[in-house]
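Here are my notes on the model, as numbered points. Have the structure open while you read.

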Amino acid sequence: MKVRSFSVIKLRRQLSGAGSYLRTGDFVSRIQSSTSSVAEGIAAMYADYTVELNSEFADFHISVEPPLNLRRWIKPQVLFSVDGLTPFKPLALDQAFPVLEWGLNWCISTRINNKLIIHAAVVEQNGFTLIMPGEPGSGKSTLCAALVSRGWRLLSDELTMVSLVDGMVSPVPRPVSLKNESIEVIRRFNPEATIGRVSHDTAKGSVTHMRVPTEHVERSAETAQPAWVVFPKYIAGAALSLSPLTKGQASIRLIQNSFNYSILSEKGFSAITRLIDQSDCYDFSYSVLDEAIEQFDSLAASKLC
């Protein structure tokens, strides 16, 4: 059934007990948490996703709970754990839902090796993907959220997952992360977007998430073909620039942004090579979102000619 079928109270009761099994793309996560903001965040951001009360299998068994010490009561914290492991230090209780999101990204990027995983946003138009690797502060997620708001389908704002068999990109559409200035930028750019509660004073500053459009969730099984690899950079006041990259330059930079290239060895090399062969590669700088979207719409239209 869909998450929206549950009231926040019922969802919290389930999360506090046996947990709920949430499907996101190819993955099922059993999530347990007694923290109210986790239930509220799931209800708001995952309303269109499938959740089950019982399942025979989960890829990840996750909990987001207060640590078993005095910090349960004094300056409360939460601790993310997966399959009994705690990969992160406890963080402030106010950050509970972002902790869940960061933890889900960590689970996929460190534990899944049947696909090449690249740290990049990826959106789709007409069956072709635009892959956007980017360093923190590059404007990658802001640009991704803007493209999604203008008709591009979200596959992921963080993890590009490339098949080792046929080179197609698999969707993992989860809420789009927004930080600091980008929160108000997207509020103004798309007033109809559902944006969650803001958590302040995190390691990344102020953070929140934008809900994925319903249609994109419903198309979570629909893969797409790589077509463009673009390395974006927001530069205040700069004129828009789209500069071609050689295949070699783009390959090196994609490898640097891959989580599991070295683990996959020859399979990783083959996957990168095939992806680059299928794609036009660019450096891209921008300062105006509407201009950026017009540029990418033009690229997508050229595929139809």
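**Notes on the model**

1. Let's start inside. The lining of the largest cavity counts 6 nonpolar residues, 1 polar residue and no charged ones. Keep in mind throughout that this is a predicted model. The residues around the cavity are Leu11, Leu15, Ser20, Leu22, Ile31, Ile42 and Val51. Helix H1 and strand E1 (20-24) each put at least two residues into that lining. The volume comes to about 30 Å³, and a search of the whole structure turns up 1 cavity of 30 Å³ or more.

2. Next, helix H2, which covers residues 36-45. Which of its residues are buried? They are Ser37, Val38, Ala39, Gly41, Ile42 and Met45. Ile42 is also one of the residues lining the cavity from point 1. As for partners, the buried residues of H2 pack against helix H1 (8-16), strand E2 (27-32), strand E4 (60-65), helix H3 (96-111) and strand E14 (205-210).

3. Is isoleucine 9 buried or exposed? It counts as exposed, because its relative accessibility is 63% and the cut-off for exposed is over 50%.

4. Now the aromatics: the whole structure holds 8 aromatic pairs. In one of them, phenylalanine 88 and tryptophan 106 have ring centres 6.0 Å apart and planes at 75°, so this pair is edge-to-face. Phenylalanine 88 is in the loop between strand E5 (77-82) and strand E6 (91-92), while tryptophan 106 is in helix H3, so the pair ties together parts 18 residues apart in sequence. Phenylalanine 88 is partly exposed, with a relative accessible area of 31%, and tryptophan 106 is partly exposed at 25%.

5. Another pair is tyrosine 234 with tyrosine 286: the ring centres are 5.6 Å apart and the planes meet at 70°, so this pair is edge-to-face. Tyrosine 234 belongs to strand E15 (residues 225-234) and tyrosine 286 to strand E17 (residues 280-286), so the pair ties together parts that are 52 residues apart in sequence. What about exposure? Tyrosine 234 counts as partly exposed at 38% relative accessibility, whereas tyrosine 286 is buried, with a relative accessible area of 2%. Both tyrosines belong to one aromatic cluster, made up of Tyr234, Phe284, Tyr286 and Phe296.

6. The charged end of arginine 253 is placed over the ring of phenylalanine 231, 4.1 Å from the ring centre. Likewise, the charged end of lysine 303 sits over the ring of phenylalanine 128, at 5.0 Å from its centre.

7. On to the pockets. The largest pocket has a volume of about 650 Å³. Which of its 33 lining residues lie nearest the centre? Those are Gly139, Lys140, Ser141, Thr142 and Lys179. Helix H3, helix H4 (140-149), strand E12 (176-179) and helix H5 (181-189) each contribute at least two residues to the lining. By class, the lining splits into 10 nonpolar, 14 polar and 9 charged residues.

8. The second largest pocket holds about 300 Å³ of space. It has 14 lining residues, with Phe88, Trp102, Asn105, Trp106 and Lys204 nearest its centre. The breakdown here is 7 nonpolar, 5 polar and 2 charged.

9. Finally, some backbone angles to check. Asparagine 126 has a positive phi of about 55° although it is not a glycine. It lies in the loop between strand E7 (115-125) and strand E8 (128-133), and is partly exposed with a relative accessible area of 40%. Serine 265, also not a glycine, has a positive phi near 55°. Its place is the loop between helix H8 (261-264) and helix H9 (266-278), and serine 265 is partly exposed at 46%.

Terms used: Residues numbered from 1 in each chain as written. Predicted model: local features only at pLDDT ≥ 70, side-chain atom pairs only at ≥ 80, totals over all residues. Heavy atoms only, no water. Buried < 20%, exposed > 50% of the residue type's maximum accessible area, 1.4 Å probe, protein only. Helix = DSSP H or I, 4+ residues; strand = E, 2+ residues; numbered from the N terminus. Contact = heavy atoms within 4.5 Å. Phe/Tyr/Trp six-rings, centres within 6.5 Å; stacked < 30°, edge-to-face > 60°. Lys NZ or Arg CZ within 6 Å of the ring centre and 35° of its normal. 1 Å grid on protein atoms, 1.4 Å probe; cavity = no way out; pocket = protein on both sides within 12 Å on 5 of 7 lines; lining within 4 Å. Points joined across faces, edges and corners; volume = space filled by probe spheres on them. Nonpolar A, V, L, I, M, F, W, Y, C, P; charged D, E, K, R; others polar.
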